[in-house]
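Welcome, and thanks for taking a look at this chain with us. The sequence and the coordinates come first, and a short tour follows.

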Amino acid sequence: MRSVWRLPALFLLGGAVAATGLALRGDPVTAAALLVLFVLLAAVHSPLVFPGAVSSAEARRRSAADGGPVVYWRPGCTYCLRLRLRLGRDATRLHWVNIWQDPAGAAAVRAATGGDETVPTVVVADRAHVNPDPAWVRRQLPVRM
């Protein structure tokens, strides 16, 4: 199993075990609610919540072409999730690089942060910004024609 799916899989497994225990004790309503909660947690921590990740080289190429910021992220990062959710539909206008899938992306983040893999790191006009405010990131998006 790829490392990006470990946390979602643990949420699903833990939720299934806890819900089964509650159901066997005669509390099916709480078991169902708990299972739904754990499925939602697994979903928001999965790579499926984020737009399709590309390689660091491809993200830089696309950014040079359209002016869209590059976002370095990793699954399970609550700050990355916050950025993604607060951007809403605008998140598809950024170029997302999963540093757990792209070693060059992880190296770019370490170079920008002094050796740490602190995410989200957003690169706008070749300048890195660590954990920026989502409203600021939205203002950096190129104007739509």
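## A cis proline in a loop

In this predicted model, Pro 120 sits in the loop that runs between helix 5 (103-113) and strand 3 (121-124). The peptide bond leading from Val 119 into Pro 120 is cis, and its omega is near 0°. Such a bond deserves a second look, because most peptide bonds are trans.

## Two positive phi values

Let us move on to the loop between strand 3 and strand 4 (127-130), where Ala 125 lies. Phi of Ala 125 is near 50°, a positive value in a residue other than glycine. Asp 126 belongs to the loop between strand 3 and strand 4 as well, and its phi is also positive, at about 65°, although Asp 126 is not a glycine. As a reminder, most residues other than glycine have a negative phi.

## The chain as a whole

The chain has six helices and four strands, and along the sequence they are arranged as α-α-α-β-α-β-α-β-β-α. Along the principal axes, the C-alpha atoms occupy a box of roughly 60 × 35 × 20 Å.

Of the 145 residues in the chain, 39% are buried. The accessible surface amounts to about 8200 Å², and carbon and sulfur atoms account for 60% of that surface. If you take the contacts between residues at least 6 apart in sequence, 66% of them link residues at least 24 apart. As for charge, the chain carries 17 positive and 9 negative charges, and their mean positions are 3 Å apart.

Helix 2 covers residues 28-44, which makes 17 residues. From its first C-alpha to its last, helix 2 reaches 24 Å, close to the 24 Å expected at 1.5 Å a residue.

Which residues of helix 2 are buried? They include Ala 31, Phe 38 and Ala 42. Viewed down the axis of helix 2, the buried residues fall within an arc of 45°, so they line one face of the helix. Val 29, Val 36 and Leu 40 lie on the other side of helix 2 and are exposed. Helix 1 (6-24) is part of what covers the buried residues of helix 2.

Helix 1 holds Gly 15, which is buried at a relative accessible area of 0%. Setting aside neighbours within four places in sequence, Gly 15 makes contact with Leu 35 and Phe 38. Phe 38 is one of the buried residues of helix 2. Gly 15 and Leu 41 are 26 residues apart along the chain, and their C-alpha atoms are separated by 9.5 Å.

## Ser 63 in helix 3

The last stop is Ser 63, found in helix 3 (residues 56-66). Its relative accessible area is 18%; the cut-off for buried is under 20%, so Ser 63 counts as buried. Which residues does Ser 63 touch, not counting those up to four places away in sequence? Its partners are Gly 68, Val 70 and His 95.

Technical notes. Residues numbered from 1 in each chain as written. Predicted model: local features only at pLDDT ≥ 70, side-chain atom pairs only at ≥ 80, totals over all residues. Heavy atoms only, no water. Buried < 20%, exposed > 50% of the residue type's maximum accessible area, 1.4 Å probe, protein only. Contact = heavy atoms within 4.5 Å. Areas by Shrake-Rupley, 256 points an atom, 1.4 Å probe, with all protein chains shown as cover. Lys, Arg positive; Asp, Glu negative; His and termini not counted. Charge placed at Lys NZ, Arg CZ, Asp CG, Glu CD. Expected span 1.5 Å × (residues − 1). Arc of directions from axis to C-beta.
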